[in-house]
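Here is a friendly walk through one protein model, from its sheet to its cores. Take a moment with the sequence and the coordinates before reading on.

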Amino acid sequence: MDCVQIGSYLAADSLRRRLFCELDHLRAQGLEISIRYRVLGDLTLIECTAKSSRNALVGDQDLRRLFRRRLANLTASMIFDEVEEALILDAVRTHHPELGEEEITAVSEHAAALLNEGVGGVLEPAMRLKEVTADVEEYLCDANALVIEGFIRFRMKEYMEELKRSAEEALIRFMAEREHREFVRLLKYFVDIQDQRQETVHVVRTAENRFELRSPEGGRVPGDYVDTLASDTAGEGVDVADLLISALITAAPRKVVLHFEPDSATAETIDAVFEGRVERCRGKDCKVDGCSMRHPSVTGEGPMAPAKRQ
């Protein structure tokens, strides 16, 4: 006979469901299983007892090894599927009380995604699951009780550090994205209230990977930002995409026509700042000098299709 207690503060209902399913599998292998619940404040403790049935030829050592290995697998999977996200959420809420609940949720979800992608030196999910399972199994070799949250905090400190790192990285990215969105809204407001100086501005990218702003007649649109954009100094400590947007704001066009294929971030920003004014040249019959869309990738877009957010 063998007896193990598994407890959880954050995921008691899930633990109960998973144990019922897992213990049914053990019963099918010839083990007699019984469980008993204990509630100690916020902690739910489930006591699982296993013994060989009369018809099963399972020795005590084999029973113990099988029983505890299955419980270790169950516990590790539960940590990954549910407890991990709850711990990240708790860490963000505790260390960043200045955030609202929606922001806490967004950062936590981003952190969980970073963990699943193996970003920032964190192991790939399959490897992390393997290591967690090994840690739990090793612990249950000698211990008869395991509280999941306490085990993670005190016996898996490196794992907790990975959770904290992912949460901090997620917060940095979240704040950067929020600042970018606010900046874009400010630029859009400025564009909306300013007088339009040009009917149409064509944007081309040169062979040197610089940008030029052209009038419908083919001449260069004047302006300090425009001159810097086309000069050799563009890109020296300055984000060329930001410089392009500054030049377009200075030019104040009613319509912007892109004669190149922008990266997704640049396209999204230009389209957001100049909402409803951006078009992309197909290139087939384009007469604008320097148009790089005469040999475009196959997109299936019309001759003057609006630039899309990607």
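Which residue in strand 4 does glycine 7 stand opposite? Valine 147 is the residue facing glycine 7. Before going further, please note that this is a predicted model, in which local features need pLDDT of at least 70, side-chain atom pairs count only at pLDDT 80 or more, and totals for chains, interfaces and linings use all residues. Residues are numbered from 1 along each chain as its sequence is written, and side-chain values use heavy atoms, with hydrogens and water left out.

**The chain and its sheet**

The protein chain holds nine helices and nine strands; helices (H or I, at least four residues) and strands (E, at least two) are DSSP runs, numbered from the N terminus. Four strands form an open sheet in the order 2-3-1-4, with mixed pairing. Two strands pair if DSSP finds at least two bridges between them. Strand 2 and strand 4 (145-147) are the edge strands, each pairing on one side only. From one strand to the next, the twist averages 15°.

Two of the pairings are set out here.

| Strands | Direction | Bridges | Residue pair |
|---|---|---|---|
| strand 2 (residues 31-40) and strand 3 (residues 43-52) | antiparallel | ten | isoleucine 35 and cysteine 48 |
| strand 1 (residues 2-8) and strand 4 | parallel | three | glycine 7 and valine 147 |

Strand 2 and strand 3 also form a hairpin with two residues between them, and glycine 41 in the turn has a positive phi of about 65°. Helix 5 (residues 148-155) packs on the sheet, where it touches strand 1 and strand 4. The direction of helix 5 makes about 80° with that of strand 4; axes are lines fitted to C-alpha atoms, for helices over the stretch in contact, and angles run from 0 to 180 degrees between N-to-C directions.

**Two buried residues**

Threonine 49 belongs to strand 3 and is buried, with a relative accessible area of 15%. Buried means under 20% relative accessible area, exposed over 50%, and partly exposed in between (1.4 Å probe, protein chains only). Not counting residues up to four places away in sequence, threonine 49 touches Met1, Asp2, Cys3, Glu32, Ile33, Ser34 and Phe67, where contact means heavy atoms within 4.5 Å.

Arginine 68 sits in helix 2 and is buried as well, at a relative accessible area of 5%. With neighbours within four places in sequence left aside, the contacts of arginine 68 are Asp2, Cys3, Val4, Leu140, Ala143 and Asn144. Arginine 68 and aspartate 2 are 66 residues apart along the chain, and their C-alpha atoms are separated by 8.9 Å.

A nonpolar core is a set of buried Ala, Val, Leu, Ile, Met, Phe, Trp, Tyr and Cys residues joined through side-chain atoms within 4.5 Å. The largest one has 47 residues, and those with the most contacts inside it include Phe67, Val132 and Tyr159. Helix 2 (residues 60-95) supplies the largest share of this core, 13 residues. Apart from it lies another core of 22 residues, among them Val184, Leu187, Val191 and Ile249.

The axes of helix 6 (residues 157-193) and helix 9 (residues 264-273) come within 8 Å and cross at roughly 40°. That makes helix 6 oblique to helix 9, since angles under 35 degrees count as roughly parallel, over 145 as roughly antiparallel, 65 to 115 as roughly perpendicular and the rest as oblique. His180, Val184, Leu187, Lys188 and Val191 in helix 6 meet Thr269, Ala272 and Val273 in helix 9.
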